[in-house]
Amino acid sequence: MTLGERLVATWYAPKKTALAWTLWPLSQIFRALVALRRALYQISLLRAQTVRIPVVVVGNLTVGGAGKTPLALALAQTLAERGCRAGIISRGYGGTNVAPRAVATGDDPRIVGDEALLYANAGLPIWIGRDRAAAAQALVAANPHIDVVIADDGLQHYRLARVLEIVVIDAARELGNGLLLPAGPLREPPARLNEADAIVRVVARDDAHPARTGHATRMWLETLPWRSVAQPDRVPAFDEWSSGGVHAVAGIAHPDRFFALVRKLGIDAQCHPFADHHFFSHADVAFSGARAILMTEKDAVKCVAFADDRFWYLPVRARLDPALVELVLEKIHGYQAA
C-alpha cells in the first residue's frame, strides 16, 4: 500500500487511527493557516474580485471527487432549459495548463485536464486556469451572452467573489474522520458547511436519505446507455459481454463506486483501479482476450486516441432537486435586479 493509499484509508476509517493522531498536530497548523487566510479576506486585506455577472461556486470540503462535475454540468444544462445561459470555469486539474484559456472539443487532456473536456463535449463554454478569478473574467469577456458563471471546485478560491455556494458531499463517506489535512480529508473545518447556501449529498437512487432538510438536499446519478468511445453510433453487443473477457477500468477518485455500478447492471467484469485523473496509455488496457473494456466518460476522453471497438463508456446525468435550481435562479435574478 502506497503512502497515499494509507492516508485515504486513515481518513475514512471507522475510527481515528494511530496515523491520524500522529498527523493531528500538522492538521492544527493547517487549520490555523486556513483560518488566517479566510480572515484576511473577511477584513479586506485580501480582496475578492467580482465579474459583471453572478458566480455560483460548486465545491466540497474534502479533497478528491465528490460529484462536483456532474452537479455543475447538470445545473448548467437545467438552467439552459430555463433560459439562463451558463459558462463554466475550472482549474483544469490533471492538466499542465496554468494561465486562463478556453477549452474546446478535441483538446489534449494532458494539457487541459479530463473534466474540462466533459464540459466542452457538452457544448458549454469552458475556461480553465489556476487563477479562477482571471479565468472567470476571460470567460465572460469571450462569451458576453452568458448569464452566470459556474465554478467547478472553487469553494476555497476566495479571490473569486460569489453569490451562491453549493457544497457537495459523498453520502457514502460524508466528511471522513472529520479532521483537516493531513490527518483527515478536510480542506476546511466542518463548521464551514453552516456558511454554504446549499449542501447536496450524492446518494444512490434508492437511498432513504431525506430529500431535503433545511438548506441540505440530495442528488443521484442516472445511468444512460453505454456508448462506444471509438464509434459513438455503435450499439453494444451485450450477448458477447456475457461470455467473459470484460474488463472495467476507472481512474477516478472512488473507482469502487464505478465497479459497483457495473456489477449492479449485471455485468461480470475484471476490475482495474487507477489513480484519480490517471492518463491512460494503450499499455494500461492491453488485456489479453478482452472483448469489452468499460470505463467512465471522464476516463474515455483520455482514451480516444487509441480506442478501438472494444472500448465503451457509461454516461451519467445528475438528477437535481428542483428546489436547488430555483434557489440558483433566485440568486441570479436577484443579482441582475441589483
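Ring pairs link Trp-226, Phe-238, Trp-241 and Trp-312 into a cluster, where rings of Phe, Tyr and Trp (its six-membered ring) pair if their centres lie within 6.5 Å, planes under 30 degrees apart counting as stacked, over 60 as edge-to-face and the rest as tilted. The model is predicted, so that local features need pLDDT of at least 70 and side-chain atom pairs count only at pLDDT 80 or more, whereas totals for chains, interfaces and linings use all residues. Residues are numbered from 1 along each chain as its sequence is written, and side-chain values use heavy atoms, with hydrogens and water left out.

A search of the whole structure finds seven aromatic pairs. One of them joins Trp-241 and Trp-312 in an edge-to-face arrangement, with 5.8 Å centre to centre and 65° between the planes. Trp-241 belongs to helix α7 (residues 238-241) and Trp-312 to strand β14 (residues 311-314), so the pair ties together parts that are 71 residues apart in sequence. Helices (H or I, at least four residues) and strands (E, at least two) are DSSP runs, numbered from the N terminus. Both Trp-241 and Trp-312 are buried; buried denotes under 20% relative accessible area, exposed over 50%, and partly exposed the range in between (1.4 Å probe, protein chains only). Phe-274 and Phe-280 form an edge-to-face aromatic pair as well, at 4.9 Å centre to centre and 70° between the planes. Phe-280 has 3% relative accessibility and therefore counts as buried.

Charged side chains also lie over aromatic rings. Arg-173 is placed over the face of Tyr-12, at 4.2 Å from the ring centre, and the charged end of Lys-302 sits over the ring of Phe-279, 5.7 Å from its centre. The criterion requires NZ of Lys or CZ of Arg within 6 Å of the ring centre and within 35 degrees of the ring normal.

Strand β5 (residues 148-152) is largely enclosed by the rest of the structure, because five of its five residues are buried. In a regular strand the side chains alternate between the two faces of the sheet. In β5, Val-148, Ile-150 and Asp-152 point one way and Val-149 and Ala-151 the other way, and all are buried. Strand β1 (residues 55-59) runs parallel to β5 and is joined to it by four bridges, with Val-58 opposite Asp-152. Strand β2 (residues 86-90) is likewise parallel to β5, through five bridges, and Gly-87 stands opposite Val-149. Two strands are taken to pair if DSSP finds at least two bridges between them.

A further five strands form an open sheet of mixed pairing in the order β10-β14-β13-β11-β12. β10 (227-228) and β12 (270-273) stand at the edges, each with a single partner strand, so one side of each is left without a neighbour in the sheet. Four bridges connect the parallel strands β11 and β12, and Ala-250 has Pro-273 in β12 as its bridge partner. Helix α8 (residues 255-264) lies across β11, β12, β13 (292-296) and β14, running at about 150° to β11; axes are lines fitted to C-alpha atoms, for helices over the stretch in contact, and angles run from 0 to 180 degrees between N-to-C directions.

His-247 lies in strand β11 (residues 246-250) and, at 5% relative accessibility, counts as buried. Beyond its neighbours within four places in sequence, His-247 is in contact with several residues, including Ala-269, His-272, Phe-287 and Leu-294, contact being defined as heavy atoms within 4.5 Å. The side chains of His-247 and His-272 are joined by a polar contact of 2.8 Å. A polar contact is a pair of N or O atoms within 3.5 Å; within protein, one must be able to donate a hydrogen and the other to accept it, and residues adjacent in sequence count only if both atoms are side-chain atoms.

Backbone geometry was examined as well. Most residues other than glycine have a negative phi, and most peptide bonds are trans. The peptide bond from Leu-181 to Pro-182 is cis, with omega near -5°, and Pro-182 is placed in the loop between β6 (164-170) and β7 (198-203). Ser-44, although not a glycine, has a positive phi of about 70°; Ser-44 is found in the loop between α2 (18-42) and β1 and is partly exposed, with a relative accessible area of 34%. His-277 also has a positive phi, of about 65°, although it is not a glycine. His-277 is found in the loop between β12 and β13 and is buried, with a relative accessible area of 9%.
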